[in-house]
Amino acid sequence: MRLAVERGNFASLSAPWGRRGSGSGGESVAEPPRVPSSPRPSPNGRKGRAKCGRLAAAAVATLLAAFAAAGAGAVEPNEMLKDPALEARAQIIGESLRCLVCQNQSIEDSGADLAHDLRVLVRQRVTAGDSNDQVIAFVVARYGDFVLLDPPFKPATWALWLASPAVLLLGVAGLAVWFRRRSRLAAAPPPLSADEERRIAALIDREAGS
Amino acid sequence: MAGFRLQYLIPVAVFLLLAGVFGAYLMEIGRGKDIAALPSALIEKQAPTFALPAIDGDGPGFSTADLAGKVALVNVWASWCPPCRAEQPVLMRLKAEGVPIYGINYKDKAADARAMLAELGNPFAKIGADSTGRVAIDWGVYGYPETFVVDRTGRVRYRHVGPIMPEDVDRIFHPLLKRLGG
């Protein structure tokens with residue numbers, strides 16, 4: 001769960017220039033619901049335990065509510081579209097678009113000023129009848145591929161997509177070579193030296209003689 | 001050498017490779033490159049079409065037509081943005097050299113914007129007031145200030161994220177403006 005406080009801090013930390021983050025202005029940060037601390041179990045009997053159980057249930061319910069609220073991101077009620085189907089589409093689009101001020105949050109999650117403007121813009125395009133792809137192309141035309149949280153696979157991003165599988169393959173290949181060599185060494189022990197042959201012959205002779 | 005195997009050089013090679021990559025980046029940063037600045041999606045593309053009112057809200061402000069046929073700078077600024085204030089002397093210097101500079105005043109109050117220009121000087125040939133920030137989005141602006149260099153054909157050739165420092169003028173702007181024939 002991303003808490004409101006974290007959101008604000010990230011926005012201001014990652015703003016080297018005069019960006020209007022949500023750090024102090026705090027346009028949309030909701031207070032996280034307070035979770036009642038559960039009291040110590042009462043030493044005498046069932047009554048205390050029942051009360052404790054109820055409180056624990058309340059705490060769990062509050063936590064769940066907090067998680068649900070976090071899922072809704074930073075979208076403010078007045079930004080939402082009246083049509084739930086259009087609003088759902090706008091949220092799906094927004095979750096794939098990076099907020100360039102905070103850079104590791106989607107525009108749906110970010111409290112930054114620019115994210116708010118982009119959320120409103122996405123909703124305008126959706127209302128105007130654009131398809132999801134058209135809205136995303138509209139934003140990419142202005143901000144480039146970096147605005148996509150799921151980067152496309154193309155020559156400029158080959159290194160990004162292929163580097164980790166390549167390292168994995170190298171590791172697997174290295175292990176294979178190592179295992180192969182070890183089993184070959186185990187299968188064929190080095191031949192005995194002349195001295196060892198002599199000692200074995202001497203031992204066998206002694207066995208036979210006794 | 002007894003017991004030496006070629007594989008022993010692998011860690012050394014990996015180290016040298018990483019040191020080379022990091023070293024190259026550090027050299028770039030040392031030369032003044034801002035590695036956090038994002039590339040603009042507008043580079044080599046036509047500048048967006050827009051028409052903004054003047055800061056006072058009346059009369060012509062700044063529109064795409066103003067950029068026609070000249071090499072110009074487009075600077076996105078606001079009075080509430082300290083780095084914008086910091087770069088103002090540099091813009092004044094460029095203006096004195098005869099570089100046409102146009103301003104997009106981002107989400108500002110007219111009185112504050114006018115006060116800043118009165119205090120620090122007005123380097124802009126024309127200023128458009130972008131009160132909603134919508135035109136800034138068309139330019140792909142994500143931090144303030146940002147400065148674009150537009151060529152004679154109206155194409156965006158360079159985007160500078162953050163304030164223009166005095167050394168950026170010699171390192172970036174002078175060579176670029178000279179190349180574009182500004």
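Residues are numbered from 1 along each chain as its sequence is written, and chains are lettered from A and ligands numbered from 1 in the order in which they are written. Because the model is predicted, local features need pLDDT of at least 70 and side-chain atom pairs count only at pLDDT 80 or more, while totals for chains, interfaces and linings use all residues.

**View 1. Chain A as a whole.**
The elements of chain A run α-α-α-α-α-α-α from the N terminus on, that is, seven helices and zero strands. Helices (H or I, at least four residues) and strands (E, at least two) are DSSP runs, numbered from the N terminus. Of the 210 residues in chain A, 22% are buried. A residue is buried if 20 or more other C-beta atoms lie within 10 Å of its own, exposed if 12 or fewer, and partly exposed in between, with C-beta atoms placed from the backbone. Among contacts in this chain between residues at least 6 apart in sequence, 54% join residues at least 24 apart. Two residues are in contact if their C-beta atoms, placed from the backbone, lie within 7 Å.

**View 2. The contact between chain A and chain B.**
Chain A gives 15 residues to the contact and chain B gives 16 residues. On the side of chain A that touches chain B, the elements that give two or more residues are helix H4 (113-127) and helix H5 (132-143) of chain A. The largest share of this side, four residues, comes from H5(A). By residue type, the side of chain A that touches chain B holds ten nonpolar, two polar and three charged residues. Here Ala, Val, Leu, Ile, Met, Phe, Trp, Tyr, Cys and Pro count as nonpolar, Asp, Glu, Lys and Arg as charged, and the others, Gly among them, as polar.

**View 3. The open sheet of chain B.**
Five strands form an open sheet in the order E5-E4-E3-E6-E7 (chain B), with mixed pairing. Strand E5 (126-130) and E7 of chain B stand at the edges with a single partner strand each, so one side of each is left without a neighbour in the sheet. Neighbouring strands of this sheet are turned by 20° against each other on average, direction ignored; the axes are lines fitted to C-alpha atoms, for helices over the stretch in contact, and angles run from 0 to 180 degrees between N-to-C directions. E4(B) and E5(B) pair in the parallel sense over five bridges, and B:Tyr106 has B:Asp130 in E5(B) as its bridge partner. Two strands pair if DSSP finds at least two bridges between them.

Strand E6 (residues 146-150) and strand E7 (residues 156-161) of chain B pair in the antiparallel sense over five bridges. B:Thr147 stands opposite B:His160 in E7(B). The two strands form a hairpin with five residues between them, and B:Gly154 in the turn has a positive phi of about 85°. B:Pro145 is found in the loop between helix H4 (134-138) and E6 of chain B. The peptide bond from B:Tyr144 to B:Pro145 is cis, with omega near -5°.

**View 4. Helix H2 of chain B.**
At 1.5 Å a residue, the 15 residues of helix H2 (residues 82-96) of chain B should span 21 Å, and the end C-alpha atoms are 23 Å apart, which agrees. The expected span of a helix is 1.5 Å times one less than its number of residues. A kink of about 35° lies at B:Gln88, shortly before the proline B:Pro89; the bend at a residue is the angle between axes fitted to the seven residues ending there and the seven starting there. B:Cys84, B:Glu87, B:Gln88, B:Leu91 and B:Leu94 are buried in H2(B). The buried residues of H2(B) pack against strand E3 (72-77), strand E4 (101-106), helix H3 (110-120) and H5 of chain B. After H2(B) comes B:Gly98, with a positive phi near 95°.

**View 5. Helix H5 of chain B.**
H5(B) bends by about 35° at B:Phe173, and the proline B:Pro175 follows within four residues. B:Gly181, whose phi is positive, near 75°, follows H5(B).
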